[in-house]
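Hi,

Here's the structure I promised to pass on.

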Amino acid sequence: MFNNLGDRFKDIFKKVRGQGKLTESNMKDALREVRLALLEADVNYSVAKNFVSRIREKALGEEVISGVNPTQQFVKIVNDELVKVLGGTNVALKKAEKGMTVVMLCGLQGAGKTTFSGKLAKFLKSKGEKPFLIGADVYRPAAKKQLKVLAQQVKVGSFTIDESTDALKIVQEGIKAAKDENATYVIIDTAGRLHIDEELMKELHDIKDNVKPDEILLVVDGMTGQDAVNVAKSFNEELDITGVVLTKLDGDTRGGAALSVKEVAGKPIKFISEGEKLDDVSAFHPDRLASRILG
Ligand code: GDP
């Protein structure tokens, strides 16, 4: 992931080298190339435009700091802007002040919701929490079974009603079961569809209104680039999500979704997933990803 973008930035930095001071004229080509590199990485058009204009402003406003050459200054400005566009700082998963924390997962079918349920359970367990999984994906036939298997692998409790298509009922009974087991976190896997539709949103609204989750995380497939960003924007407008989980960043993704989603949808990325295995998940840290991109 991000290899191309990282290489492009390195080339741009090389060209800035040798300049005595960052000026409008010697910045012009570099800034144009930054914009192109971002667009080629499938970054949203206005995000790329704003990114470049902030860099321009900062670079031209910089004092010449003794001991720091223009390339270093420029790299630092780009790094700081990357961190900012990725969300600034890590926004940790909430923990309810009292009682069990309820995390509702939503997203389109195939985004990686069910897999992420298992990953999040494992992640929370490793932090000393007691997670519990609820399988309320009543749309995809194999999802409930898949969740049960994941719960067994992670060795956490789980609940579903095999024969039921009443997602709300499954969630309500599941929450009771989680409380009986003294779970500290309950993770609800909901149904997706191939596209956003009214039926999906009604189902999600019903669950949200009823259980009032502490977190509503939207799971989006990072490989789908700007589609992922548009999905995040729409889900946020409908459900007022609390965060985004970007999956499949191990694939051949150019990274545009990661760089655009916070600014376009307005909600932080909380986790990234980089593989199919249960351990392939991590809390999202903008500064770490920016360093990875810039190498
Ligand atoms: P759901 O319909 O949203 O519940 O999607 P699933 O959890 O069933 O995931 C759909 C497919 O994506 C499965 O084959 C998963 O193994 C795969 N998958 C999920 N997350 C990742 C990831 O981070 N990287 C890769 N390469 N595959 C993933």
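Start with T114: an N or O atom in its side chain sits 2.7 Å from an oxygen atom of the ligand. Taken alone, the ligand exposes 590 Å², and the protein buries 80% of that. Keep in mind that this is a predicted model.

At K248, a backbone N or O atom lies 3.0 Å from an oxygen atom of the ligand. G275 has a polar backbone atom 3.2 Å from a ligand oxygen.

Now zoom out a bit. How many residues are around the ligand? There are 17, and the ones that come nearest are G110, T114, T115, S273 and E276. If you sort the shell by class, you get eight polar, seven charged and two nonpolar residues. Which element gives the most to this shell? That's helix α5, residues 113–126, which supplies four residues.

Is Q226 buried or exposed? Its relative accessible area is 16%, and buried means under 20%, so Q226 counts as buried. As for its contacts, leaving out residues up to four places away in sequence, Q226 touches D42, V43 and N44, and also G256, A257 and S260.

After that, colour helix α5 to see the element that gives the most to the shell.

Cheers

Conventions. Residues are numbered from 1 along each chain as its sequence is written. This is a predicted model: local features need pLDDT of at least 70, side-chain atom pairs count only at pLDDT 80 or more; totals for chains, interfaces and linings use all residues. Side-chain values use heavy atoms; hydrogens and water are left out. A residue is near a molecule or strand if one of its heavy atoms lies within 4 Å of it. A polar contact is a pair of N or O atoms within 3.5 Å; within protein, one must be able to donate a hydrogen and the other to accept it, and residues adjacent in sequence count only if both atoms are side-chain atoms. Accessible areas come from the Shrake-Rupley method with a 1.4 Å probe; for residues, only the protein chains shown count as cover. Helices (H or I, at least four residues) and strands (E, at least two) are DSSP runs, numbered from the N terminus. Ala, Val, Leu, Ile, Met, Phe, Trp, Tyr, Cys and Pro count as nonpolar, Asp, Glu, Lys and Arg as charged, and the others, Gly among them, as polar. Buried means under 20% relative accessible area, exposed over 50%, partly exposed in between (1.4 Å probe, protein chains only). Contact means heavy atoms within 4.5 Å.
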